[in-house]
Amino acid sequence: MATMVAYTAIDLTAEQKTALCAGVEKGVSDAFNIDIKITELMIMPVIPPECHGASVTGQITYFVYTAPNKTDDQKRRLVKSIYDETVKVTGPLEKNKVIVIIKEHANNNVGVDGVLKCDM
């Protein structure tokens with residue numbers, strides 16, 4: 001399972017959002033060798049300029065929540081895939097503008113439909 005949230009100051013079109021979700025979800029599925037049906041990306045509404053510092057302009061930050069025990073190589077593939085899919089959709093971005101933060105959690109720290117994953 002990989003649940004992702006993206007925060008951005010980049011004003012994406014509906015088509016770009018659709019392409020970004022499809023590309024990133026596929027890349028995560030491939031990197032972690034998991035079924036694409038258990039990957040999801042939610043792109044939060046654009047952060048307006050009055051709600052962020054200048055350094056955030058043109059940036060997108062991904063938070064990836066997943067089960068533990070992914071190898072460093074899997075995480076490398078994940079980060080590269082997310083970067084590649086992002087610039088495929090947005091075009092070139094300045095340096096340090098695509099950030100990926102991986103948060104691992106045990107099955108006793110996530111629930112689905114009212115049931116802890118460890119109890120499924």
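D73 and R76 both belong to helix α2, which spans residues 72–90, and lie three residues apart, about one turn of the helix. Helices here are DSSP runs of H or I with at least four residues, strands are runs of E with at least two, and both are numbered from the N terminus. This is a predicted model, in which local features need pLDDT of at least 70 and side-chain atom pairs count only at pLDDT 80 or more, while totals for chains, interfaces and linings use all residues. Residues are numbered from 1 along each chain as its sequence is written, and side-chain values use heavy atoms, with hydrogens and water left out.

Side chains of opposite charge can pair when their charged atoms come close. The term salt bridge is used for a side-chain nitrogen of Lys or Arg within 4 Å of a carboxyl oxygen of Asp or Glu. By this rule the structure has five salt bridges, among them the pairs in the table.

| Pair | N to O distance |
|---|---|
| D73 and R76 | 2.9 Å |
| D84 and K80 | 2.9 Å |
| E85 and K88 | 3.3 Å |

D84 and K80 are separated by about one helical turn because they are four residues apart in helix α2. E85 and K88 also lie in helix α2, with a spacing of three residues, again about one turn of the helix.

**Accessibility of the paired residues**

Relative accessible area sorts residues into buried (under 20%), exposed (over 50%) and partly exposed (in between), using a 1.4 Å probe and protein chains only. Which class does E85 fall into? With a relative accessible area of 17%, E85 counts as buried, whereas K88, at 62%, counts as exposed.

**Cysteines**

A disulfide is a covalent bond between the sulfur atoms of two cysteines. In the model the criterion is a pair of cysteine sulfur atoms within 2.5 Å. How many disulfides does the structure hold? The count is zero. C51 has a relative accessibility of 53% and so counts as exposed. C118 is partly exposed, because its relative accessible area is 41%.
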